[in-house]
Amino acid sequence: MQVGNARYLKPADLPETIPVFPLTGALLLPGGQLPLNIFEPRYLAMFDDALASHRLIGMVQPVFGGERKDDDEAETPALCQVGCIGRITSFAETGDGRYIVSLTGICRYRLMEEVRGTKAYRSFRIAPFIADLTAHDDEQSVDRDALLSAFRAYLDANKLEADWESVERASNATLVNSMAMMSPYGPAEKQALLEAPDLKTRAETLIAITEIVLARSYGDVDTRLQ
């Protein structure tokens with residue numbers, strides 16, 4: 001996979017340890033782009049260090065659905081086991097101490113053990129999903145018509161518009177991953193989309209989530225998806 005000025009083709013192209021950025025509701029997928037507004041000092045330091053080395057950050061969600069017990073847990077929350085590695089491909093300073101950056105997704109990873117150190121941010125050994133680095137061989141397995149039908153129904157229900165010319169030009173992989181990342185769904189749904197084993201399953205999961213949301217909010221989903 002080509003990301004920015006770097007190519008990632010095999011395990012040796014990725015570090016064994018990466019800094020992680022926990023962010024609830026954020027979804028980064030291979031090939032996708034995630035804009036971030038960085039302002040906390042520890043994460044400013046994380047991005048400084050990443051820019052000075054491999055430019056890689058591990059996006060991951062904190063574990064959702066539980067209650068925090070104390071301030072220590074707020075500093076080191078339990079994390080979901082699967083996240084996505086992103087390369088810093090765009091960077092700007094705002095003049096008021098913030099960074100505006102864009103991460104481009106490389107591949108998913110599974111958290112291994114945490115690496116304790118002197119930094120204010122957290123780092124982990126990871127097991128990357130190497131299959132994500134290869135071209136999508138399963139694009140033809142995606143039910144594009146069903147995906148677009150669900151997308152159109154969601155837009156119609158919420159009185160939203162889309163650039164259908166660009167949508168029609170997009171590959172199945174771009175379409176599925178872009179729609180998953182832009183979807184307004186909650187942390188659990190975003191994690192399910194991230195952990196889908198392949199593109200076909202991610203598309204089917206996205207369709208199913210959309211149908212459930214439409215049915216709960218607007219009633220007769222079957223009519224809307226015809």
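Which residues do ring pairs link into a cluster? I found F21, Y43 and F47 joined in this way.

I am working with a predicted model, where local features need pLDDT of at least 70, side-chain atom pairs count only at pLDDT 80 or more, and totals for chains, interfaces and linings use all residues. Residues are numbered from 1 along each chain as its sequence is written, and side-chain values use heavy atoms, with hydrogens and water left out.

**Rings.** I looked up the aromatic pairs and got five. My rule was Phe, Tyr or Trp (its six-membered ring) with centres within 6.5 Å, where planes under 30 degrees apart are stacked, over 60 edge-to-face and the rest tilted. F91 and Y99 have ring centres 4.8 Å apart and planes at 65°, so I logged this pair as edge-to-face.

**Exposure.** I used relative accessible area with a 1.4 Å probe on protein chains only: buried is under 20%, exposed over 50%, partly exposed in between. Y99 is buried at 10%, while F91 is partly exposed at 34%.

**Cores.** I took a nonpolar core as buried Ala, Val, Leu, Ile, Met, Phe, Trp, Tyr and Cys residues joined through side-chain atoms within 4.5 Å. The largest has 48 residues, and F21, L36, I38, F47, I57, M59 and L103 have the most contacts inside it. Another core, of 19 residues, lies apart from it and includes Y8, V20, C80 and F124.

**F47.** I then checked its contacts (heavy atoms within 4.5 Å). Leaving aside neighbours within four places in sequence, F47 touches F21, L36, I38, I57, I88, Y99, V101 and L103.
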